[in-house]
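Please keep the viewer at hand as we go.

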Amino acid sequence: ATRSRSRTSASTARTASSMRGMASGAKAADPDMEVFPGALQAAFPGNENGLFKNFTGVRLTEAEAPYLDGLNSHLYCFRNDENGIRRNIHPEAPFSEFWSILADIRFRDANMPGKKIYVTEFGWDSPGGGDDCVHDECVSEKSQAIYGIRAALLLTRLGIDRFHWYFYGDQYAGTLFARSGMHSLNFTPKRSFKAFQAMKTLIGDRYFLGIEREDNEVYIYKFGDADSTVTHYIAWRPDEGDSDQTVSVKFYSPAQPTAAWTLAGIDTLGEKLAVPDYTNGEISLSVSTTPTIIKINQGSALPVELIHFSGRHEKGDNLLQWEIAPGQIWRSATLERATDGIHFNPIHQRSYETGGHFHYTDQLVPPGLIYYRLLFKDANNKDDYSSIVAIKSKASGGFIYPNPVKNHLYINGLPEDTPFWLVNSVGMVVRRGDDLAGSLDCSDLQEGVYYLRVGDWSEVFYKVFD
């Protein structure tokens, strides 16, 4: 037993020394590079004696801490049921492994104060887009979507600096995590993809400002501007995603609501709701397990109430869309564009409109970042600009086939003498070169998802075996 403990101590010392060497070397080469350890956890000391050997208190000592920018964690909402079978459950559930993040925060505060915490994996397996999901940890497609949104809100509320969904697309294997993608094997977006797109569109530029309510019945969080002006509330019931139960709530708001949406993953702009009641300074609404966003009117400098302004790149064009609150009237609305984010030029104008949905297609835009903003004028010539929307376009004209591929992948529409990178599903570059040559030999690649990058152009393909 003594010899076994000695070998364990020696192994731990070598691991810490290797981490320290790599971290210090990376910082010496590039002081601005962010350096994080592999995924560690501070909640389960017993794991150090098992397969994972990932307990932060052993693996990360004060000698390594100066060279690290923070901690790296993986979070999943696992809990064993009454029969001892591990299940994936909702993120707010007591005793869920999700709350191990609190131990990571305490370790950081005590040993690495001021440094960051990244969650580089979180997510749920679900069916969707034609893919099944049959193992014990699966949840419904609806639950995957709303659990993801609720977990993101919880991590934001806890001050986590960055978090990453694991992973973008479903995999061919039928094991755990193979169905945690936001789109299916045939590239059909699942409800989780649409829910996150809606959240990004509706509150992507807002800050977490505080808790209005957080108990067993309902969670209500406040979001708003950098100057602490509340512009949105988000409310939901902390329960199983497929529950149909609702709860009626009232809470104080400094201004009346102007719009509301749910984030159920049905619509990439959110599912529009009737504007909640506002009486005696209180908002009243019915809340379900699906997060509801409520926008309030806090005296925007714009002469109209702009509910949202967003855009995306599609098939060589940039698609812009915006929504004005009902009953709003203005003299003119001008869409402006810039390639540097500073020098804007008008490209589209509408005059004497009322509230509603509007859109514009900017055709055949060049590759790179393009910036857009809206200028509104009212009847008295009062005017102001919206926030800026930036859209990154890709080089157009390339396509690959066959997909999935077994041996050779063919690339059309791109110059052959073009540098390329081939990246696997965990972000590792597995091949690179200076000449694309019109095709790639994929016979030696392992089965899985790969990303082919050629300048600003990129495509995803699947490698399968014969």
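You are looking at a predicted model, in which local features need pLDDT of at least 70 and side-chain atom pairs count only at pLDDT 80 or more, while totals for chains, interfaces and linings use all residues. Residues are numbered from 1 along each chain as its sequence is written, and side-chain values use heavy atoms, with hydrogens and water left out.

Leaving aside residues up to four places away in sequence, Met-182 touches Trp-165, Phe-167, Tyr-168, Gly-169, Pro-189, Lys-190, Ser-192, Phe-193 and Phe-196, where contact means heavy atoms within 4.5 Å. The C-alpha atom of Met-182 is separated by 8.9 Å from that of Gly-128, and these two residues are 54 residues apart along the chain.

Phe-187 counts as partly exposed because its relative accessibility is 35%.

Another phenylalanine with a positive phi of about 70° is Phe-95, whose place is in the loop between β3 (86-88) and α3. With 74% relative accessibility, Phe-95 counts as exposed.

Which of the residues of α3 are buried? They are Ile-101, Ala-103, Asp-104, Ile-105, Phe-107 and Arg-108. An α-helix has 3.6 residues a turn, so residues three or four places apart point the same way. The cover over the buried residues of α3 includes α2 (56-59), β1 (70-74) and β4 (116-122).

Now turn to the strands. Strand β8 (residues 230-236) is mostly covered, with seven of its seven residues buried. Strand β7 (residues 219-224) pairs with β8 in the antiparallel sense over six bridges; two strands pair if DSSP finds at least two bridges between them. Within this pairing, Lys-222 has Tyr-233 in β8 as its bridge partner. Five residues lie between the strands of this hairpin of β7 and β8, and Ser-228 takes a positive phi near 75° there. β8 also pairs with strand β14 (residues 292-296), in the antiparallel sense over four bridges, and Ala-235 has Thr-292 in β14 as its bridge partner.

Strand β15 (residues 306-314) and strand β16 (residues 317-338) pair in the antiparallel sense over eight bridges, with Ile-324 in β16 as the bridge partner of Leu-306. Two residues lie between β15 and β16, and Lys-315 in the turn has a positive phi of about 55°.

How many disulfides does the model hold? The count comes to one disulfide, taking a disulfide as a pair of cysteine sulfur atoms within 2.5 Å. This disulfide joins Cys-133 to Cys-138, S to S 2.0 Å, and the link is left-handed, with -85° about the S-S bond. Cys-133 counts as buried because its relative accessibility is 16%. Cys-77 counts as buried at 1% relative accessibility, and Cys-442 is buried with a relative accessible area of 0%.

Finally, consider open space. The second largest pocket has a volume of about 540 Å³. Of the 20 residues that line this pocket, the closest to its centre are Asn-47, Phe-52, Asn-54, His-74 and Glu-97. On a 1 Å grid over the protein atoms alone, a pocket is an open set of points where a 1.4 Å probe fits, with protein on both sides within 12 Å along at least five of seven lines, and lining residues have an atom within 4 Å of a point.

Notes:
Buried means under 20% relative accessible area, exposed over 50%, partly exposed in between (1.4 Å probe, protein chains only). Grid points are joined across faces, edges and corners, and a volume is the space filled by probe spheres set on the points.
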